[in-house]
Amino acid sequence: MSPGLEALTPEERKLVLALREVPESPLRDLYATLVSELTEFVASPTCSEMQADGAPCNATDASCDQCRKLESLLEGLRSRLHAG
């Protein structure tokens, strides 16, 4: 096992090892970039619907880490992956 992998959770280790198994190619580069950017966005979403009063959006019952738009986007992507 590579140094540092033992500090990862099983889920994190699975993701890292899966990425390493993708052969070098432009598609792998695009995939790695997408995963990196998606991870950054999910960790700290920037709401395009910020209200003048500072509220993140019209959904007063949701916080940014429970963004319905982001959840919908991710579920749609997941559905398309499993449909193909």
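Biologist: What makes Glu24 count as exposed?

Modeller: In this predicted model, Glu24 has a relative accessibility of 65%; exposed means over 50%, so Glu24 is called exposed.

Biologist: Why is Arg28 called buried?

Modeller: Its relative accessibility is 16%, and because buried means under 20%, Arg28 counts as buried.

Biologist: How do you know that Arg28 forms a salt bridge with Glu24?

Modeller: The closest N and O atoms of Arg28 and Glu24 are 4.0 Å apart, and the cut-off asks for a side-chain nitrogen of Lys or Arg within 4 Å of a carboxyl oxygen of Asp or Glu, so the pair is counted as a salt bridge. The structure holds two salt bridges.

Biologist: What makes the contact between the side chains of Arg78 and Glu75 a salt bridge?

Modeller: Their N to O distance is 3.7 Å, and the limit is 4 Å, so this pair also qualifies as a salt bridge. Arg78 and Glu75 are three residues apart in helix α3, and therefore separated by about one helical turn.

Biologist: What is the mean pLDDT of the protein, and how many of its residues reach 70 or more?

Modeller: The mean is 79, and 67% of the residues reach 70 or more. Where pLDDT is low, the predicted coordinates should not be read in detail.

Methods:
Residues are numbered from 1 along each chain as its sequence is written. This is a predicted model: local features need pLDDT of at least 70, side-chain atom pairs count only at pLDDT 80 or more; totals for chains, interfaces and linings use all residues. Side-chain values use heavy atoms; hydrogens and water are left out. pLDDT is the predictor's confidence in each residue, from 0 to 100. Buried means under 20% relative accessible area, exposed over 50%, partly exposed in between (1.4 Å probe, protein chains only). Helices (H or I, at least four residues) and strands (E, at least two) are DSSP runs, numbered from the N terminus.
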